[in-house]
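Please look over the sequence and the model shown below before reading on. The report then takes up a few topics in turn.

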Amino acid sequence: MSTRQPRPRRAAAHSLTNPRATNGTAAAAHGPIPSAADTYKVQPYYHDALVDIYNADSTDLSFLADQSVHLVVTSPPYNLGKDYGTARDDATYLSYLEWVETWCRELYRVLEPGGRFCLNIPLDINLSFDTGGKRTSSKQPVLADFTERLVRKLGFVYNTTILWLEGNISRRTAWGSWLSASDPWVNTAAEAVLVLSRDQRKRSAKGKTSDVDRDEFMDWTLGLWAFNGQSTSQYGHPAPFPEELPRRLIQLFSFREDVVLDPFLGSGTTCRVAKNLGRRSIGVELNPTFCEIAADRCRNAELPAGVSTD
Ligand SMILES: C[S@@+](CC[C@H](N)C(=O)[O-])C[C@H]1O[C@@H](n2cnc3c(N)ncnc32)[C@H](O)[C@@H]1O
């Protein structure tokens, strides 16, 4: 990993040219989508023709314009006590849900009407923390609570819930009452992807193109996805998701010309995959070490055949 330091988040306004809009064939294919650096007047930590990464806190996305994003794909901290370096992950469950509301309000603001929000979360969790950060065993209905708050309280439109069956899940530690009906704990070996929309489900396809083929569409719209999770050792991040997850979500829920946002970018998986698919993307990550990992992965990402940013 390089020793490059992050640029300050609130830098002076500046204007960078967008290579895609001036001389790239991607511009010809997608139209002149403005660079985030041009539009939002804040220095990104990393910038290329398709990717902007910001070292920032996603509870305040004021550097992103209203209705400037078409798809959010993300996996937030689950409040399971993981060590993310700069961010704590051991709030009480209720304050965790309040924090979730703050960044979801920001996502609502930056999504355009009809824009989608794909949220990878657990169905439930087995532990909570008290106000002093002490672990307690308790089941919490995470998917139900997110759905209730985001749909009923914040006003997102419910689209669907995809179940992701992780083949290599290895979290079987909480049995409850072993071999007894006293209080057995069922640990569902799956995660959810809650799919919501802002204001309406349907988006106009006019002037836009899709890149999902027939077999993928038939398979993915069944809503039961089975593929392995990502090992934590490969990129030096404690909780990455595999590229297959954002790849399916981006191809199914966005057009090629769209802008994809991941407000909890971690090791950069969403932006790397978006670049592989020729989409513009924005990533936000609080920990500068993870920003650097993400930047490296995006720098080395390949573009799809026929798309160039020269
Ligand atoms: C579950 S991980 C995301 C992993 C990512 N999907 C990947 O494939 O690497 C959540 C990330 O959110 C970051 N994070 C926590 N709080 C944040 C905040 N307020 N704003 C931005 N990023 C934050 C953590 O540092 C962590 O990298």
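## Basis of the model

This is a predicted model, in which local features need pLDDT of at least 70 and side-chain atom pairs count only at pLDDT 80 or more, while totals for chains, interfaces and linings use all residues. Residues are numbered from 1 along each chain as its sequence is written.

## The sheet

Helices (H or I, at least four residues) and strands (E, at least two) are DSSP runs, numbered from the N terminus, and two strands pair if DSSP finds at least two bridges between them. An open sheet with mixed pairing is formed by 9 strands, in the order β1-β2-β11-β10-β3-β4-β8-β7-β9. Because β1 (46-47) and β9 (224-226) stand at the edges, each with a single partner strand, one side of each is left without a neighbour in the sheet.

Strands β2 (residues 51-55) and β11 (residues 280-285) run parallel and are joined by 5 bridges, and the bridge partner of V51 in β11 is S281.

Two residues are in contact if their C-beta atoms, placed from the backbone, lie within 7 Å. In this way L97, V100, E101 and C104 in α4 meet D145, F146, R149 and L150 in α5, and the residues of this contact divide into 5 nonpolar, no polar and 3 charged.

How values were computed
Nonpolar A, V, L, I, M, F, W, Y, C, P; charged D, E, K, R; others polar.
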